[in-house]
Amino acid sequence: MTHEPQYILGIESSCDETATAIVVDGKQVISSVVHSQIDEHAAWGGVVPEIAGRSHLRSIRTVVDQCLAEAKLRPEQLSGIAVTNRPGLMGSLLIGVTAAKALAYAWQKPIVGVHHIEAHIYAALMSIEQPVFPYITLVVSGGHTSLYRSDSALSHQLLGATRDDAAGECLDKAAAMLELSYPGGPAIQQAGAGGNPKAFQFKQPMLERDSLDFSFSGMKTALLYKLRGPGNRLTDPWIIERKQTSDICASFEHAVVSTLARKCMRACQQHDIQQILIGGGVACNTRLRQVMNKLCAEQNIDATFAPPAYCTDNAVMIAGLGYELFAAGKADSLNLDVFAQA
Amino acid sequence: MKDFLTSISEPFIAIEVPSAERLGHCAKLLAPMLRGGDFVGLVGDLGAGKTTWCRGLGEGLNSQVPLRSPSYLLMHEVDADIPILHLDAYFEHRLDSLLGEGDCERFNATNLLLVEWANHATHWWPNNGLYVGLKHNSNETRTLSIHGDGERGAQLAANYCKLLKNLIPFEPTDV
C-alpha cells in the first residue's frame with residue numbers, strides 16, 4: 001500500500017503569538033507563519049490578555065491564508081487541522097480553536113486538539129531522524145519549567161516541575177529588578193554577553209536529594225539582596241554600575257541555566273537514560289546550550305535542542321504533534337473544548 | 001506598603017518568622033477557618049515570601065497540585081477543599097484586562113480568592129477579608145503581619161492570630 005502524504009494545518013494562539021504552519025507527515029515543514037505580538041505587550045511588562053485576544057482575532061485569518069499561499073496548497077488538499085487547546089490564556093486559546101473548528105466544518109476536515117507543552121517536546125523530537133525512546137525532556141519557558149520522561153511522542157510522564165516561578169518568569173522578574181526590558185530572558189542574555197558568569201555567586205537550589213522539582217524564587221530574592229547591598233538597605237541609585245550589570249546578568253543567567261542542566265543530569269541518572277530533549281522559549285538561550293552541552297559531554301549524554309525558530313511558540317510543532325495524534329486515531333469532534341490549565 | 005496595610009486595619013499580630021518552611025507552616029494553620037467566598041490578600045515586596053505562604057495555605061486546603069507563582073498567566077484555578085482562584089495583581093493593567101474580559105464572574109461564594117500583590121488593583125477586591133503582610137528582615141527571616149478588613153476579615157484575623165500565637169517561640173528549623 002502506498003502512503004498518502006498527510007498535510008496537517010497547525011494553529012497556535014495560546015499566548016502572544018498567532019501562528020499557522022503546514023507540515024507533511026509530522027516532519028517536513030512546507031510553510032510556517034508566526035505573527036508575534038511581543039511589541040504590543042512590552043510596555044505592560046507581560047502579556048495583557050485582552051490585547052492578546054484582540055490581536056489574535058485580527059490576524060488569525062491572515063496567517064491562515066498566508067500559510068496556505070506559502071505552501072501553494074488549496075484547502076481541499078489538507079488532511080486535517082491541529083490546534084492548541086490547552087494550556088494557555090482562555091481568550092487567546094478560544095480564537096485559535098474557534099477558527100480551527102470553523103475551518104474544519106467548512107472544509108470538511110478532521111480536527112484534533114493539541115497540548116501546547118507536549119508540542120514543545122515534539123519540536124525537539126522533529127530534529128531527530130529516527131527517535132529511539134525513552135528521553136528525558138525539559139520544557140522551559142516563561143510559563144513552564146517541567147521535566148518529563150518521554151516514552152513516545154504521545155506519552156510523557158511528569159518527573160518534576162517548578163514549585164514557584166518558571167525559569168523564564170524568574171528571568172523576567174530579574175530583568176525588571178535590573179531595569180532591563182521585557183521579555184527578560186533575551187534582555188539578560190544581551191546585557192550579560194561580555195560579563196563574567198563567576199563574578200557573583202548565586203546558590204543553585206537543588207532541593208531534596210532525589211527531587212526533580214525546581215525552585216527559582218530564592219534566586220530571585222538573592223539577586224534582590226545583592227542589588228540592595230550590605231545591610232539589606234535599598235540604595236539609591238542601586239549599587240550596580242554598568243560593568244557590574246553585565247557581570248551580574250551573566251552570573252544570574254549562569255545560575256538559572258546551571259540549575260536546569262544539573263536537574264536534567266540528575267533525571268538521566270535516576271532513569272538510566274542517556275538522551276535529553278530540550279524545548280520551550282528559554283531553550284533558545286545560548287548559555288543554557290553551552291552549559292548543557294558541556295555537562296552532557298562530561299557524562300556521555302546526547303542533548304537535542306529544538307531549533308531556535310521552533311523554541312518560541314509556533315504552529316510547526318502543533319501540526320507535527322497533530323499528525324501523530326491523527327495517526328494514533330485521536331481525532332476530536334467539533335465539541336473540542338479549551339482549558340486554561342492542562 | 002505599610003500604609004496600605006494599616007489603612008486596612010492595625011495589625012492583629014506581627015511576628016518574626018525564622019524560615020520559609022515555618023512561613024508555609026503558618027499559612028497552613030489558616031486553612032480550616034476558610035470557606036467559599038473568602039478573600040485572602042498578600043502584601044509584600046518581591047521575594048518576601050508571598051508565593052511560599054500561598055503554597056502553605058494550598059497544602060492546608062489539600063490542593064490537587066502545589067500552588068505556584070501565578071505571575072505568568074495572572075490567574076490559576078486550583079482544585080482543593082475550597083476551590084482556589086490564585087491571582088497575581090502586580091501588573092494592574094494586565095489584571096484589569098483579564099478580569100474585565102469576564103473572569104471576575106468566577107469570584108463567587110464557592111471559591112477562595114487568594115491574591116498576591118493585593119495592594120494593587122484594589123478596586124477588584126471585596127471590602128471584607130484577611131490581609132497578610134510580609135516584610136524582609138534578614139535573608140531568611142520575615143515579619144508576618146495580619147490585618148482584617150470588614151466583619152469577616154476581623155473575625156478571620158482574630159481567630160488566625162490565636163493559632164499563630166501558639167507557635168511562638170518558633171521551634172528551631174530542622175536542617
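Contact here means heavy atoms within 4.5 Å. The model is predicted: local features need pLDDT of at least 70, side-chain atom pairs count only at pLDDT 80 or more, and totals for chains, interfaces and linings use all residues. Residues are numbered from 1 along each chain as its sequence is written, chains are lettered from A in the order in which they are written, and side-chain values use heavy atoms, with hydrogens and water left out.

**Figure 1. Interface of chain A and chain B.** Chain A places 29 residues in contact with 25 residues of chain B. The two chains bury about 2400 Å² between them, 56% of it on carbon and sulfur atoms; buried area is the accessible area (1.4 Å probe) that two parts lose on being put together, summed over both. W44(A), Y225(A) and Q341(A) supply 21% of the area that chain A buries against chain B, more than any other three residues.

**Figure 2. Polar contacts and elements at the interface of chain A and chain B.** On the side of chain A that touches chain B, the elements giving two or more residues are α2 (49-71), α5 (167-177) and α7 (217-228) of chain A. The largest share of that side, five residues, comes from α7(A). Helices (H or I, at least four residues) and strands (E, at least two) are DSSP runs, numbered from the N terminus.

**Figure 3. Aromatic pairs of Y90(B).** Rings of Phe, Tyr and Trp (its six-membered ring) pair if their centres lie within 6.5 Å; planes under 30 degrees apart count as stacked, over 60 as edge-to-face and the rest as tilted. Y90(B) pairs edge-to-face with F91(B), at 4.8 Å centre to centre and 90° between the planes. Y90(B) also pairs edge-to-face with W117(B), at 4.6 Å and 65°. Y90(B) lies in the loop between β4 (84-88) and α4 (92-100) of chain B and W117(B) in the loop between β5 (112-116) and β6 (129-136), so this pair ties together parts 27 residues apart in sequence.

**Figure 4. Lysine over the ring of W117(B).** The charged end of K50(B) sits over this ring, 4.1 Å from its centre (NZ of Lys or CZ of Arg within 6 Å of the ring centre and within 35 degrees of the ring normal).

Conventions:
A polar contact is a pair of N or O atoms within 3.5 Å; within protein, one must be able to donate a hydrogen and the other to accept it, and residues adjacent in sequence count only if both atoms are side-chain atoms.
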